[in-house]
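Here is a short briefing on a multi-chain model. Please keep the structure open while reading.

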Amino acid sequence: MADPSYPDDLKYHPEHDWARIEEDTATFGITWYAQDALGEVVFFDAPDVGAEISKDQPYTEVESVKAVSDVFAPLSGEVTAVNETLADKPETINEDPYGEGWLVKVKLSDPSEVDALMDSAEYQATLD
Amino acid sequence: MTRYTSATDADRAEMLAAIGVGSIDELFADIPPGLRLSRPLALDAGLSEQEVFEELKALAAKSTSAEDEISFLGAGMYDHYVPALIDSIILRSEFLTPYTPYQPEISQGGLQAMFEYQTAISELTGLPVSNASVYEGPSAVAAAGYVATAASKGSRFVISRGVHPHSRECLRTLAHAWGMDVVEAPLKDGVTELPALDDGVSAVIVQQPNFLGAVEDLTALAEEAKSAGALTIAACDPLPLALLKTPGECGVDIAVGEGQSLGNRLDFGGPSFGFFAATEALMRRMPGRIAGETKDVDGKRGFVLTLQTREQHIRREKATSNICTAQALNALAGVIYLSWLGRRGIVELVELMLQRTAYARDRLRNIDGVTQIHDRPVVREFAVELDAPVQRVIARCQEQGINPGYALGREYPEHENGLLVAITERRTRADIDRLADTLGAAVAAERQTVRARA
Amino acid sequence: MIAQADDTLTIYERSKDGRRAFVAPSLDVPERPLDDLLPADARRADAPRLPEVAEPEIVRHYNRLSKRNFDLDTGFYPLGSCTMKHNPKLHERVAGLPGHARVHPLQDPRYAQGALELMWRLQDALGEIAGLPHVSLQPSAGSQGELAGVLLTRALHEDRGEHRTKVLTPDTAHGTNPATVTMAGYEVVKVVSDANGNVDLDDLRAKADEDVACLMLTNPSTLGLFETGIEEIERIVHGVGATLYYDGANLNAIMGISRPGDMGFDIVHFNLHKSFTQPHGGGGPGAGPVAVSDRIEPYLPRPQVVRRESTTNGKEPFYDLDYDRPKSIGRLRGFQGNYGVFVRSYAYIRSLGAAGLREASETAVLNANYLLAKLRDAGVAQYLPAAYDRLCMHEFVLSGEPMRRELKIKTLDMAKRLLDHGVHPPTVYFPLIVEEALMVEPTETETKETLDHFAEIVADILREAGEDPEIAREAPYTTPVRRLDEAGAARHPVVRQAMSGN
């Protein structure tokens, strides 16, 4: 499993989710802190492509052997893609939470919501 | 000190001193004085082991068991022969006394037995995922309904009148809490006739063979359900599945059933076990424990409870069920029994029952005053209508040492004098002939009485 | 026992085409063509692929499997919340008597008087122990008893024209409680615990309103602590018209000493596989009867076992199944319940009597407090302190947080190392509000020497961890298998034997 890291080019949500913004689309995932707390991920319950998700609301779950965690949407929008490789290798979320371990891609419905997110330093300050 | 505790006066004194209190009473200081019971419980004084044995023996003598009469009583539980090796295994301390296998390293015996049981259930039902047991048949139907509320859209269950009355009642009890409606599909000529289904139906529930003994066309029923977007749940008698097309082959989504026939005693209705098997798609919504195969750190094969995130101890209010303690020991008896029967043996057993049931049905319907309720194919149970008050006929037969079967009238008023007759491998041709004679005489006598009164 | 290389073979892997244990009785009726009796399109093409083994192989297979299990008859099993007390050996003998074991549940009540009388007497005894007069033996286990309780609550309110949507559970509740609430169609609302390990009365007051149907409580709680505020809790809950439900998992602490009915509970469930010695069987069977107050009685499941007094002089009373219950919630299961479990529990209650039951609870509480004191004396409290600095009841909870911080081993590692010492570990990671929880319930059937020995073992493991934490982290070493890959098992579940054609 990776060492703690919180890339500077990402935006962060207090419920331990990150967003990589590219104009009016974004990629979401969970942070190093979240995957570390969860332990070895065994299952990712992917939402349907086309599903509408809302900022601050849980849009899916990630499971380890002994725990289930809600995953919160940092921003609102429509799911355009889900990471299909996680069906077979959910542990990728632990190994590469910001890269191959991405969860969904979303077409943003309100890009101004980005302003409410934290940057890397702000997010790390919230951690113990 | 009783025979099960060991704290002597000396022990107690030492222990109280170590704790730092003067008396046992002080250990209960947190209980408000007003709530301390000021008198002994109003129960008789304890008895010696011998006296308890005598009392339990005396109570046993007040019931008529399957040893005391030749019984054709079925309707969900059956007097099968339970082989001796089952008790010799399940009464072993190592199977009888441990808890649920939360520490897999020291529970490989129980976990592997669960895996073997799950495999056997998958083979019988033709469905790839089985859990390690639920309580019994009727509540398993309700548990399957609960899965449907999560996995399938719709606010209605359609349940066949051919499903066991207890199962129908269990579903209604729970459906009320879920805000789901329950609609009953009637039986026509002995088998289920589904009403027109729409997308408001969450699941269709049928029984195989149905309560009146008839073999249903599960494939056709499942197709109808599927085209309406509903799940199909089939409550199955496990032994007939050795011959019948499997629920899985028929397109059924969830197969449940009563496991008592598989190596478990009658026990006045319990404990037995329920089985629960489903398609791969429903695996993560299943209730109950599931054992899975894996490896340990040395690469050695081992078994663990898996997919625990479905269960109450992890998922709590979002769990697929609240079930915790299930029926592990009874399921163990089940897999031992199925291993004892074996692949060829189970077919031979059920074919024997099939032949004897046909013989019994033939003999009974040829009795004056006895007619078949339907003439559908049956496997081990069939229903007849008597031209005489059925309760009185049964009473006469029981006085002769024959229990002829289950009176249908209470749950099926349309068959006021109906009788459900069950055949197991214990009922020989001689027993069946005796049933026919005794039943015939009883029916004749009651018709005579009715005529005399008229 | 000497391990054998083929110890992990399944019964399927021991099969060989043609082997058999069962021989069907010979066909003694005229044989009719199979197609006449069961059309080909109704039949499966291939027989189920069940094992093919003879009796000696079956016996040997399951015997060897059994030896890969640790069990209560063999060693100390202090699983908190499970009440692993001795299973008296008399019980198998009486449960096996044909007059109990081979009675059909649908037998005419006239011919089942022994069974119905036993059930009635058990109901009577349980009602006295709970302090609530009306008992149903129907529920199959504690969870089903809980479900009965919440459904009974729903029936009460609906009968009064009230519509309530919430049920309160403490944050220490066993997982079955919130799971039950959802299954019964309600929303769970959590009530927090205070610094003393009791239900926070202020939080309860804030959350108890007329939309609340019920509060589900365990007393003593899952922390092993008596709810000292129980009288105020009762006032608050009944004050808003909700029912007070007692989860009987911890009844072993108070039998003959205090009664939930007297505390004001409306509904109580019992775990016969806990306080009443039904063997756990590796995960059941059990039974979860409920006892209720007068106002809840009309809603009890159907049928009820009743005693009808004889109208004829000198005739015996008649025990019967009463189906005429128009307000009943209906059925939770088939037939009458797990009768075989009732036989054993009844034998237990008759063996102990009033004084014996009280002595059982007193000794359970004594043993738990003694073990707690012994662990403290052995220096364990520095790393595994009690979660709450109070007298416990029949069980106590330790926190492994200091152990994790200072010795670098977790509660999980302690549990796995205990396996090497031939004891079953306590319950781990429950209740959720204690960090690195370790819940210990010795029960009354253990000797003082066993408790002393356990305290020594725990102290030894801590000492060992102080020198080399790696030992516990890689434990166990001496068990039939070592730590297992549970993540792999969950990612790609293999839940049945792979066979040719699968």
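The points below go through the model chain by chain and contact by contact. The model is predicted. Chain C has 16 helices and twelve strands. Its contact with chain B involves 174 residues of chain C and 168 residues of chain B.

**Chain C overall**

- The secondary structure of chain C comprises 16 helices and twelve strands. Its radius of gyration is 26 Å, close to the 23 Å from the globule rule for 502 residues, so chain C is as compact as a globular protein of that length.
- Along the principal axes, the C-alpha atoms of chain C fill a box of roughly 80 × 65 × 45 Å.
- Of the 502 residues in chain C, 61% are buried.
- Take the contacts in chain C between residues at least 6 apart in sequence: 73% of them join residues at least 24 apart.

**Where chain C meets chain B**

- On the chain C side, 174 residues touch 168 residues of chain B.
- Helix α11 of chain C (residues 339-377) gives the most to this side, with 25 residues.
- By class, the chain C side holds 87 nonpolar, 49 polar and 38 charged residues.

**Helix α5 of chain B**

- Helix α5 of chain B covers residues 108-125, which is 18 residues. From first C-alpha to last, α5(B) reaches 25 Å, close to the 26 Å expected at 1.5 Å a residue.
- α5(B) is mostly covered, with 18 of its 18 residues buried.

**A sheet in chain A**

- Six strands of chain A form an open, antiparallel sheet in the order β1-β2-β3-β9-β8-β5.
- The edges are β1 (11-13) and β5 (52-53) of chain A; each has a single partner strand, so one side of each lacks a neighbour in the sheet.
- Within the sheet, five bridges join β8 (residues 77-82) to β9 (residues 104-108) of chain A, and the two run antiparallel.
- A:Ala81 stands opposite A:Lys105 in β9(A).

Key. Residues numbered from 1 in each chain as written. Chains lettered and ligands numbered in written order. Predicted model: local features only at pLDDT ≥ 70, side-chain atom pairs only at ≥ 80, totals over all residues. Helix = DSSP H or I, 4+ residues; strand = E, 2+ residues; numbered from the N terminus. Expected span 1.5 Å × (residues − 1). Buried ≥ 20, exposed ≤ 12 C-beta atoms within 10 Å, placed from the backbone. Contact = placed C-beta atoms within 7 Å. Nonpolar A, V, L, I, M, F, W, Y, C, P; charged D, E, K, R; others polar. Rg over C-alpha atoms; globule rule 2.2 N^0.38 Å. Pairing = 2+ DSSP bridges.
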